[in-house]
Amino acid sequence: MGFSTLIDILGSTIIGGLLLLILLRMNDTAVENNYLFSGEKIVQQNLLDIVRLIEYDFTKIGYCKDWTKIPDPAKAIISATDTSISFLTDVAVSQGNLEGDGVPDTLKYYLGTKEELSSTPNPNDRILYRVVNNQTARGSNLGVTQFKLTYFDALGDTLHPNEMPASPPLGICTIQIDVAVENPAAYGDDYSSERKVIWRQIRLAARNLKTR
């Protein structure tokens, strides 16, 4: 075996190693892109599901199939904070009966604590609870990291929860809703702001609140 042959073998080995590294890098990139795409799709779907439910429930504040059961819609919102709200409505009985049963229900939304989901990779995700009447609080981990409510009176001025009356009517006419969702287990533990999906409902006005 001559010197030139050794050079050829060494050169082939180096080129082969480089090609193998390129292939491994391409495979890593493909896997990363696949995880990122799937993660973003899941986050978008989670946000869409949350928004649909919130918009449906919040636009029915003060609604009752038997309107005489909630004669004063101004008192429909029972309590309100930056991250929770409790109000009267008529919850749908089933898919075939979305109008409700004519009996007012108390519906409460509130955001859980980070400690409840300390076992998940995402340090910021929380459970958004939806509680009907006195039922056990239930919620799913959909990656919610923010649920913020801002209230406005009839003049459009901001109402701060600590300045509201202790009992209804609280003077709320419109609500701004901010929701942020992240992947509960993002690829590479990347929970940077660009991975967050944000939705804002500006000045949502429940139709029944307008009838005051």
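Is Asp189 buried or exposed? I looked this up and found that Asp189, at 54% relative accessibility, counts as exposed (buried means under 20% relative accessible area, exposed over 50%, partly exposed in between, with a 1.4 Å probe and protein chains only).

**Entry 1: basis.** I note that this is a predicted model, in which local features need pLDDT of at least 70 and side-chain atom pairs count only at pLDDT 80 or more, while totals for chains, interfaces and linings use all residues. Residues are numbered from 1 along each chain as its sequence is written, and side-chain values use heavy atoms, with hydrogens and water left out.

**Entry 2: backbone exceptions.** Most residues other than glycine have a negative phi, and most peptide bonds are trans. I found that Asp189 has a positive phi, near 50°, and that Asp189 is in the loop between S7 and S8. Helices (H or I, at least four residues) and strands (E, at least two) are DSSP runs, numbered from the N terminus. Asn133 also has a positive phi, about 55°, without being a glycine. Asn133 belongs to the loop between S4 and S5 and counts as partly exposed at 34% relative accessibility. I recorded a cis peptide bond from Pro168 to Pro169, with omega near 0°; Pro169 is in the loop between strand S6 (158-159) and S7.

**Entry 3: the sheet.** I traced an open sheet of four strands in the order S1-S2-S3-S4, with antiparallel pairing (two strands pair if DSSP finds at least two bridges between them). Strand S1 (77-80) and S4 stand at the edges with a single partner strand each, so one side of each is left without a neighbour in the sheet. From one strand to the next the twist averages 10° (axes are lines fitted to C-alpha atoms, for helices over the stretch in contact, and angles run from 0 to 180 degrees between N-to-C directions). S2 (residues 84-89) and S3 are joined by six bridges; Leu88 stands opposite Thr106 in S3. Five bridges join S3 to S4 (residues 128-132), where Leu107 stands opposite Val132.

**Entry 4: the faces of S3.** In a regular strand the side chains alternate between the two faces of the sheet. For S3 (residues 105-111) I listed Asp105, Leu107, Tyr109 and Leu111 on the covered face, and Thr106, Lys108 and Tyr110 on the uncovered one.

**Entry 5: helix H1.** The 56 residues of H1 (residues 3-58) should span 82 Å at 1.5 Å a residue, and the end C-alpha atoms are 82 Å apart, which agrees (the expected span is 1.5 Å times one less than the number of residues). Among the buried residues of H1 I noted Leu36, Val43, Ile50 and Phe58. Their cover includes S2, S3, S4, S5 (144-152), S7 (174-181) and S8 (197-204) (contact means heavy atoms within 4.5 Å).

**Entry 6: rings.** I counted four aromatic pairs (rings of Phe, Tyr and Trp, its six-membered ring, pair if their centres lie within 6.5 Å; planes under 30 degrees apart count as stacked, over 60 as edge-to-face and the rest as tilted). The ring centres of Tyr109 and Phe147 are 6.3 Å apart with planes at 35°, so this pair is tilted. Tyr109 lies in S3 and Phe147 in S5, so the pair ties together parts 38 residues apart in sequence. Both Tyr109 and Phe147 are buried. Tyr110 and Tyr129 form a stacked pair, 4.8 Å centre to centre with 20° between the planes. Ring pairs also link Phe58, Phe87, Tyr109 and Phe147 into a cluster.
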